[in-house]
Amino acid sequence: MRKLELHWRILIGMILGILFGFGMTNVDWGKDFVLDWINPLGTIFVKLLKLIAIPLILASLIKGISDLKDISKFRNIGLRTIAIYIGTTVVAISIGLILVNLLKPGIGISEDTITQLTETYSNDSGVTSKLEEASKQKDSGPLQFLEDMVPDNAFKALGDNSLMLQVIFFTIFMGISMLLIGEERARPLKNFFDAMNDVVLKMVDLIMLTAPVAVFALLANVVVSSGDSNLLFALLKYAGVVTLGLVLMIVFYSLVVATFTRYNPWAFLKEMSPAQLLAFSTSSSAATLPVTMERVEEHIGVDKEVSSFVLPVGATINMDGTSLYQGVAAVFIAQALSFDLPFSAQLTIVLTALLASIGSAAVPGAGMVMLVIVLEAIGFPEDKLAIGLALIFAVDRPLDMLRTVVNVTGDACVAMMVAKSVGKLGKPKVQNWDDYYDEVK
């Protein structure tokens, strides 16, 4: 019997997890059972992905740069990557603003609903922590994000997943330095990182064997922790506008892939589906990064010279889904609270969301923090910021899951575009977890 492909197994795990979670919500002891006995399986899976994220960046990026043998090639890849990421982010924000202005999800939200949401969430630790983090960001200088990119201790950066940009900076610095000492002198170090890269990719294959069980656990936990269903229903129109915008971004990526790279868009989405499903389950681009890199390199054919730079950078600064969500959320909050937003203010949203997506890249829970920065930029009253966040907090988790899917898909799309532009998009070379098993038996 033919073995089910990975994305089908993960999808079945997700569906069973959702159904199981709904079933447990109707049992008195159900929520505690899921939290105590099911959720740890998903948590361990996410920890394993995060465990190998930094070693994978370190090994693959150094291998990619050292294989170039020419610094000018790396400069070309870097400039094209940043330019395309900025372009796709502007497209995402624009789509969000067009939809929210056409569909007006904030018009018609009753005072009772606003009051209930405010009472339920305005003092929630999740809301208050985002306000505090945004305040720190606002008080920092205009070039603080550049300062934060440069580590003062490489080992400290390598030991903290939230310092991904510092890891990328250190790794690029090391890779370029290896080019400058010559191939012969750099060979021992290059051989070490080449072997390390192979080992970490094998770890990805082994971890993915447990993916269906892990997403079952993660989705069951999301369902039993979903909160008040009445409040979720009240925000259905807002959530629908965000979701429609995110779907249009997936369509946009598919069209770009088809026209620019001449790659079948259906095949692109199929090959990326395991990474997309994991992004949905984990709500983390960084945790999904090892899988994203494996799918783009082995199943789509992007050369490691490109993917090893484009994808780690994208996981930290490319937030197309999050930026689209910010545009919709900012206007929705303004509509619900009768705050006037002229065209100039909406242009400010585009610029601020673009800058915030780069400046807040390493901030935990960056989406909400970036939203506060955007609201402050358009002159939203400070005393109503907590109310504004409370309005959308109830549906933030499911929307976070969806926008992470878009972020990951956008990273893959840009990697393909850059690879095509520099002649590094070739044939896939799929590897399985047991490819070398005969050699070690």
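Predicted model: local features only at pLDDT ≥ 70, side-chain atom pairs only at ≥ 80, totals over all residues.

Biologist: What makes D205 and K202 a salt bridge?

Modeller: The distance from N to O between the two side chains is 4.0 Å, and the cut-off is within 4 Å. The pair therefore counts as a salt bridge.

Biologist: Where do D205 and K202 sit relative to each other in helix 9?

Modeller: About one helical turn separates them, because they are three residues apart in helix 9, residues 183-208. An α-helix has 3.6 residues a turn, so residues three or four places apart point the same way.

Biologist: Why is D205 called buried?

Modeller: Its relative accessibility is 8%, and buried means under 20%. K202, at 17%, also counts as buried.

Biologist: How do you know that E297 and K304 form a salt bridge?

Modeller: Their closest N and O atoms are 2.8 Å apart, and the criterion is within 4 Å. E297 is buried, and K304 is buried too.

Biologist: What places D400 and R403 about one helical turn apart?

Modeller: Both belong to helix 20, three residues apart, which means a separation of about one turn.

Biologist: How many salt bridges does the structure hold, and which residues are linked in a network?

Modeller: The structure holds 13. K63, D67, K190 and D194 are linked in a network of salt bridges.

Biologist: How many cavities of 30 Å³ or more are there, and what is the volume of the largest?

Modeller: There is one cavity of 30 Å³ or more. The largest cavity has a volume of about 40 Å³, over the 30 Å³ threshold. Rolling a probe the size of a water molecule over the atoms shows where empty space is left.

Biologist: Which residues line the largest cavity?

Modeller: The lining consists of S285, L289, T292, L311, A315, V408 and D411. Helix 14 (285-300), helix 15 (304-317) and helix 20 (396-421) each supply at least two of the lining residues. Helix 14 has the largest share, with three residues. By class, four lining residues are nonpolar, two are polar and one is charged.

Biologist: How does the model compare with the "transmembrane region" feature in UniProt?

Modeller: The unreviewed UniProt entry places that feature on several segments, including 163-182 and 236-260. In the model, residues 236-260 are 100% helix and 0% strand, with end C-alpha atoms 36 Å apart. Residues 163-182 are 85% helix and 0% strand, and their end C-alpha atoms are 30 Å apart.

Biologist: Why is P55 called partly exposed?

Modeller: Its relative accessibility is 24%; buried needs under 20% and exposed needs over 50%. P55 therefore falls in between and counts as partly exposed. P55 lies in helix 2, residues 30-68. P55 and N197 are 142 residues apart in sequence, yet their C-alpha atoms are 8.0 Å apart in space.

Methods:
Residues numbered from 1 in each chain as written. Heavy atoms only, no water. 1 Å grid on protein atoms, 1.4 Å probe; cavity = no way out; pocket = protein on both sides within 12 Å on 5 of 7 lines; lining within 4 Å. Points joined across faces, edges and corners; volume = space filled by probe spheres on them. Helix = DSSP H or I, 4+ residues; strand = E, 2+ residues; numbered from the N terminus. Nonpolar A, V, L, I, M, F, W, Y, C, P; charged D, E, K, R; others polar. Buried < 20%, exposed > 50% of the residue type's maximum accessible area, 1.4 Å probe, protein only. UniProt positions renumbered as here; feature names shortened; annotations may be inferred.
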